[in-house]
Amino acid sequence: MAGRRTREWVWRFEAPAEAVWRVLADTARFNEAAGLPKQTIRETPQPDGTVLAEATARQGPFRLAWRELPVNWVAGSWFEHCRVFTRGPLARLCARFRLTPEPDGGCLGHYRLEAEPAGAFGRLLLGTLFFKAAGESFTRLALQADRFAQGASDREFDYRAPPVAPATRRRVGQMVEAIEASGHGHGLARRLADFLLEAQEVDLARLRPLALARRWQLPERQAIELCLQATRTGLLELSWDLLCPRCRVAKAAAGSLDRLPDGAHCDSCNIDYGRDFSRNVELSFRPAEAVRPIQFGEYCLLGPMSTPHIRLHVTLPAGATRRVAASLAPGPYRLRSQEKGPERDLELAAGAGFPAVILGEESVETGAPAPAGTVELVNATPWPRTFVIEDRRWVAEALTADRVTALQAFRDLFAEQVLRPGDEVSVRRITLMFTDLAASTALYGRIGDARAYHLVREHFALLGALVRAHEGALVKTIGDAIMAAFADPAQALAAARAAQESIAGFNERNPDGPILLKVGLHTGPCIAVTLNERLDYFGGTVNLAARLQGESRGGEIVLSETLAAEPAVAEALAGLPVARESVRLKGFEAPVGILRIAS
């Protein structure tokens, strides 16, 4: 078109392409660091199944409005992004970034910017300042990204955070002291406070403790407990987010579990979806408003690193075929379009070529593989479609509800976080531990009720500390028994073994003993409910775990074959004195396979 202007920049990066990609393909982070404004976005489903994405923003003296075209990319290699403006000095703006690996381990980055003016002022802008300012900004950010990708900087980009009032700094200092005094700070409260005051907004709008643990190279439990205590102290606010199963972006959120909706609608994917405690209900955090306000809006609607599970995202016109350069590693994939429609799961074997992806109106089919390092896409529909090849593995950094509610720190700090009355939520898997004292009636008769009561309370304290140390939660006590929950089956077994081993020392310190501990362990699905104003679990998994505790003769652990089959548990059991047998349990028709571990 008349007036179209194009500029291209080439940068040499010392870091490898994969490391550079993780920084520069994070388009929201890049846009914020470049000083671009946040956008207000509206998404509207269209009759052909596509979603119309429209955005508005104000940049300097200009009020901008545009239509966002689908971003295209192949992860680790290239992305392209176009906007068609309905308001502002430009009519169209497209950016394309491509990385080319170099033999010495570095890479070249090619950045191409293409712009069309909307009128006389747009032509003047493109002919004078626009490309010069853009080039200076992009080159500065590219050099900063290279330093970070090489490990020479602890920040992706240089960033000047908003100024902090002296009174706010004093309050934050007091919160830091309170967090560390709680026992949940782990010496990290000051570091967290500085991060909240100095980091980019993209890091803070949805703060993920597991991502923080990876970034700071911490044990995950420390990062989780730090964020939980910081919330209770007033440094952070929490949010229960309902992630879309396709784009994996939060499309609904609530400040408490009892306000969490049963499902949500994703405008980007144009689908309705439900909630799953073990998968798409995530606990995230953000700075408290009084500490650092986060402005409303988005720096980018969709980019490669906002949906890192998507390895290929390419739009084809109706009836088109395209062969795309892409090297996809072996693993589980899902083939679909960005638009609502059919999908197909695929397991790519090592050494196999990626099959052609044939998108029809009612199905996704696969065809003969294209040459190595390429993927063939066939749009057999009468509409434009954006092909998506995504990794099926779920979000590794999502702190799911089933995990956090099975942590003692959460139960201690947020006992009020319960489901609304009558609500129940499916949990795909939880590992439960029941314990009880053997011959407790005789114990009460031998030493008297008062001394026995204190002995039982001391043993509760011992077990509670061990449960917390092994990333579990004490759900409730029942007489002399406890019920504990663990998200990690291996941690449940480790806690049970530690409990039996600790009882010997406990008995040496308590002349009113000895006591014998009975332990039962099982893992499986159940439902989470609110009972007696606390989160509890119900179902066959709970019943079986309780029955297994009843099978223990004291001084031993009884676990189900189901739990023993978990890979990490099977590894922990190797070399232990284990006796296998089959027993009949009340309430279960078929015999149950169990393992006994003597202490």
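Biologist: What makes Arg7 a residue that lies over the face of Phe131?

Modeller: A charge sits over a ring if NZ of Lys or CZ of Arg is within 6 Å of the ring centre and within 35 degrees of the ring normal. Arg7 is placed over the face of Phe131, at 4.8 Å from the ring centre, and 4.8 Å falls within the 6 Å limit. Arg96 likewise lies over the face of Trp78, at 4.7 Å from the ring centre. This is a predicted model, in which local features need pLDDT of at least 70, side-chain atom pairs count only at pLDDT 80 or more, and totals for chains, interfaces and linings use all residues. Residues are numbered from 1 along each chain as its sequence is written, and side-chain values use heavy atoms, with hydrogens and water left out.

Biologist: How many aromatic pairs does the structure hold, and why is the pair of Trp9 and Phe138 given its class?

Modeller: There are 17 aromatic pairs. The ring centres of Trp9 and Phe138 are 6.1 Å apart and their planes stand at 85 degrees, so this pair is edge-to-face. Rings of Phe, Tyr and Trp (its six-membered ring) pair if their centres lie within 6.5 Å; planes under 30 degrees apart count as stacked, over 60 as edge-to-face and the rest as tilted. The pair links distant parts of the chain, 129 residues apart, with Trp9 in strand E1 (residues 5-13) and Phe138 in helix H4 (residues 130-149). Helices (H or I, at least four residues) and strands (E, at least two) are DSSP runs numbered from the N terminus.

Biologist: Is Trp9 buried or exposed, and which is Phe138, buried or exposed?

Modeller: Buried means under 20% relative accessible area, exposed over 50%, and partly exposed in between (1.4 Å probe, protein chains only). Trp9 has 16% relative accessibility and therefore counts as buried, and Phe138, at 12%, is buried as well.

Biologist: Why is the pair of Trp66 and Phe85 classed as it is?

Modeller: Their ring centres are 5.7 Å apart and their planes meet at 50 degrees, so the pair is tilted. Trp66 lies in strand E4 (residues 62-68) and Phe85 in strand E6 (residues 78-87), so parts 19 residues apart in sequence are tied together. Both Trp66 and Phe85 are buried.

Biologist: How do you know that a disulfide joins Cys82 to Cys94?

Modeller: A disulfide is a pair of cysteine sulfur atoms within 2.5 Å, and the S to S distance of Cys82 and Cys94 is 2.1 Å. The link is right-handed, with 120 degrees about the S-S bond. It connects distant parts of the chain, Cys82 in strand E6 and Cys94 in strand E7 (residues 90-101), twelve residues apart. Cys82 and Cys94 are both buried.

Biologist: Why is Cys266 in no disulfide?

Modeller: The nearest cysteine sulfur, that of Cys244, is 3.7 Å away from Cys266, and the limit is 2.5 Å, so no disulfide is assigned. Cys266 is buried, at 0% relative accessibility. Cys300 is in no disulfide either, as the nearest cysteine sulfur, that of Cys82, is 13 Å away. Cys300 is buried, with a relative accessible area of 8%.
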